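Subject: Structure handover

Hi,

Here is the structure I promised to pass on. Please open it first, then read my notes below.

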Amino acid sequence: MSALHAARVNLCGYNVLITSPEDVKKIITNRIQNREGARVLTLNLEHISRSQSDKDFHHLTTSADLICADGMPIVWAGNALTSRHNKIVRCTGVDLVADMITDESTTTYGIIGGVDPQKALHKLKANPKRLKYLNNGIIDADEDSIEELIDDLKITNPDVVFIALGVNKADCIAHHIACVMPHIIIVCVGGSFEFLAGLTNRAPKWMQVSGLEWLHRLCSEPKRLAKRYILQYPRGGLALIKFVVTHMLLKFCSDVN
């Protein structure tokens, strides 16, 4: 199937792209060239968990134009509902940012949030001329602050905006920007720049592919992440399991009949 017409699989209301990171980037590049714009969500268990109890958040995030699987549980759940020949490959926010920033075809971009994103750009040896907007100060999600951000973006007019803020705040700001500037690509990337700058260490590759990256991060930052990983994430995991099992049983019953 063409990268530009990638299929999707529904997971708890999120229509996740059944494709590879390379194809996700091709889709985004095509949209940049056609000035179509898109809100890009790199889906993980935190989104699933929050959406179980927050209908507004669920509506906000499920309405993203392009949703790719960031967490391995998302990959496993999605692939359990797809054919053996049509599989999801994990597409992390960190890798997507690095690929787009170092690829000259991405043209221009802006950054909102993040801890020392310029250090990350330096480590990536990014072309400084392509950075059209940077605001990594204190970012609020109130109406006046968002309007100020949008005014700045209208002046600088980047092709892509990376929002390096926490879940919910980033998605709220992305939604407002997309409503006013539908021609740009907006990607919520969380703490990606901290990883790219070397301020936070990524888990070893074997932990990433085995779904244990959360454990590495929990051990690295227990005070900040303990509540999220121990109390919030299990709810998202259970919701995914319930969703997949229910749909597999429905398919089995349909095939039997």
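Which residues does Glu194 touch, not counting residues up to four places away in sequence? They are Gly114, Val115, Leu199 and Thr200. Contact here means heavy atoms within 4.5 Å.

Before the rest, some ground rules. This is a predicted model, where local features need pLDDT of at least 70 and side-chain atom pairs count only at pLDDT 80 or more, while totals for chains, interfaces and linings use all residues. Residues are numbered from 1 along each chain as its sequence is written, and side-chain values use heavy atoms, with hydrogens and water left out.

Glu194 sits in helix α9. Helices (H or I, at least four residues) and strands (E, at least two) are DSSP runs, numbered from the N terminus. Glu194 is buried but has no salt bridge. Its nearest side chain of opposite charge is Arg224, 6.6 Å away. Buried means under 20% relative accessible area, exposed means over 50%, and partly exposed is in between (1.4 Å probe, protein chains only). A salt bridge is a side-chain nitrogen of Lys or Arg within 4 Å of a carboxyl oxygen of Asp or Glu. For charge, Lys and Arg count as positive, Asp and Glu as negative; His and the chain ends are not counted.

**Salt bridges**

Side chains of opposite charge can pair when their charged atoms come close. How many salt bridges does a search of the whole structure find? It finds 9. Here are some of them.

- Lys25 pairs with Asp103, with the closest N and O atoms 3.0 Å apart. Lys25 is in helix α1 and Asp103 is in the loop between α5 (93-102) and β5 (109-113), so the pair ties together parts that are 78 residues apart in sequence. Asp103 is partly exposed, at 23% relative accessible area.
- Arg50 pairs with Glu46, and their closest N and O atoms are 3.3 Å apart. Both lie in helix α2 (residues 45-53), 4 residues apart, which is about one turn of the helix. Arg50 is partly exposed at 28%. Glu46 counts as buried because its relative accessibility is 7%.
- Asp70 and Arg90 meet in a salt bridge at 3.6 Å, N to O. This pair links distant parts of the chain, 20 residues apart: Asp70 is in the loop between β4 (66-69) and α4 (72-80), and Arg90 is in the loop between α4 and α5. Asp70 is buried at 14%. Arg90 is buried too, at 18%.

Salt bridges that share partners also join Glu46, Arg50 and Arg228 into one network.

**A buried loop residue**

Is Thr19 buried or exposed? Thr19 counts as buried, because its relative accessibility is 8%. Look for Thr19 in the loop between β2 (14-17) and α1 (21-33). Leaving out residues up to four places away in sequence, Thr19 touches Ala6, Val24, Lys87, Ile88 and Val89. Thr19 and Ala7 are 12 residues apart along the chain, and their C-alpha atoms are separated by 7.6 Å.

**Surface patches**

Patches are made of residues with over 30% relative accessible area and no salt bridge; like charges are joined within 9 Å, nonpolar side chains (Val, Leu, Ile, Met, Phe, Trp, Tyr) within 5 Å.

Glu148 lies in helix α7 (residues 143-156) and is exposed at 54%.

Another patch is nonpolar, about 390 Å², made by Leu238, Ile241, Val245 and Leu249. Leu238 is in helix α12 (residues 222-256) and is exposed at 58%.

**Positive phi values**

Most residues other than glycine have a negative phi. Asp116 has a positive phi, near 50 degrees. Asp116 is in the loop between β5 and α6 (117-123) and is partly exposed at 34%. Lys125 has a positive phi near 55 degrees. Lys125 is in the loop between α6 and β6 (131-135) and is exposed at 75%.

Best wishes

Notes: Areas by Shrake-Rupley, 256 points an atom, 1.4 Å probe, with all protein chains shown as cover.
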